Amino acid sequence: SMENILQFAQNFKLKNRIVFTEPLARAKYLRHAADLCDLFLDTRLYNAHTVAAEALLQGLPLLTAPAVAMASRVAAGIVHSAGCEDDLVANSNITDEDDIEASYIRRAVDLQSKPETLQALRRKLRQSRLDRSTPLFNGAAYSTALQQLLLKAGHRKRSGLPPDHIFVDSNMKGNLKQDESKSRESLRDRRVDVRQETLREEL
């Protein structure tokens, strides 16, 4: 209950930092959260998934610390796709759980003590969304990259090669807007084909 949360928070002198709101429509809730919060502290053992992407889309910086399990590494991948891994992923190469937690806390305290850094991250995220310069904010290019990776995986399977890491070609990373334009043209062509086929059926 709200009372239990506030009582627990009081033990750490954090009671005045907790804000309860009325239920809101999803879009309004996301905007509201981004306005209220300076930094999204990700849950470590089971990360935010969709909510992580939505927070970054609203320009809200999200700090995460990937552990070993897949569920604890999702947010790190999302932050990476937003181009903020250097600032918002706490020491991704650490494997000891105690060291991971200590690194996460240090980074959170450091960021919270530097409001100018958090504001710069907000501006970076919002600008990236406007110009679609990173994969998280460019769905068409992301789809093209995923298609490339699936084709590579299929090629390895058909060639009798064992599973291995596969990567998006560097030239695709540098041409996000071009990929987006091609994807839109392809989608537009498919829509035209569908309309023409529908007209022929009606005739």
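The model is predicted, so local features need pLDDT of at least 70 and side-chain atom pairs count only at pLDDT 80 or more, while totals for chains, interfaces and linings use all residues. Residues are numbered from 1 along each chain as its sequence is written, and side-chain values use heavy atoms, with hydrogens and water left out. Helices (H or I, at least four residues) and strands (E, at least two) are DSSP runs, numbered from the N terminus. Buried means under 20% relative accessible area, exposed means over 50%, and partly exposed lies in between (1.4 Å probe, protein chains only).

**Nonpolar core**

- The largest nonpolar core has 27 residues; such a core is a set of buried Ala, Val, Leu, Ile, Met, Phe, Trp, Tyr and Cys residues joined through side-chain atoms within 4.5 Å.
- Two or more residues each are given to this core by H3, strand E2 (62-63), helix H4 (74-81), helix H6 (97-112) and helix H7 (115-131).
- H4 provides the largest share of the core, 5 residues.
- Leu56, Val79, Leu88 and Leu111 have the most contacts inside the core.
- In soluble globular proteins, nonpolar side chains tend to be buried together.

**Helix H7**

- H7 has 17 residues, and its first and last C-alpha atoms are 24 Å apart, close to the 24 Å expected at 1.5 Å a residue; the expected span is 1.5 Å times one less than the number of residues.
- The buried residues of H7 are Leu118, Leu121, Arg122, Leu125 and Ser128.
- Viewed down the axis of H7, these buried residues fall within an arc of 135°, so they line one face of the helix; the arc is that of the directions from the helix axis to the C-beta atoms.
- Glu116, Arg123 and Leu130 are exposed on the other side of H7.

**Helix H8**

- Helix H8 (residues 139-158) has 20 residues and should span 28 Å at 1.5 Å a residue, which agrees with the 28 Å between its end C-alpha atoms.
- Ala141, Ala145 and Gln148 are the buried residues of H8.
- They fall within an arc of 55° seen down the axis of H8, so they line one face of the helix.
- Gln147, Leu150, Lys157 and Arg158 are exposed on the other side of H8.
- Gly160 follows H8 and has a positive phi, near 75°.

**Salt bridges**

- The structure holds 2 salt bridges, each defined as a side-chain nitrogen of Lys or Arg within 4 Å of a carboxyl oxygen of Asp or Glu.
- One of them joins the side chains of Arg26 and Glu54 (2.6 Å, N to O).
- Arg26 lies in helix H2 (residues 26-36) and Glu54 in helix H3 (residues 50-57), so this pair ties together parts that are 28 residues apart in sequence.
- Arg26 is partly exposed at 47% relative accessibility, whereas Glu54 is buried at 15%.
- Another salt bridge joins the side chains of Asp110 and Lys114 (3.2 Å, N to O).
- Asp110 is partly exposed at 31%, and Lys114 is partly exposed at 33%.

**Surface patch**

- Met2, Ile5, Ile18 and Phe20 make a nonpolar surface patch of about 330 Å², with areas from the Shrake-Rupley method and a 1.4 Å probe, where for residues only the protein chains shown count as cover.
- Patch residues have over 30% relative accessible area and no salt bridge; like charges are joined within 9 Å and nonpolar side chains (Val, Leu, Ile, Met, Phe, Trp, Tyr) within 5 Å.
- Ile5 belongs to helix H1 (residues 2-10) and is partly exposed at 42% relative accessibility.
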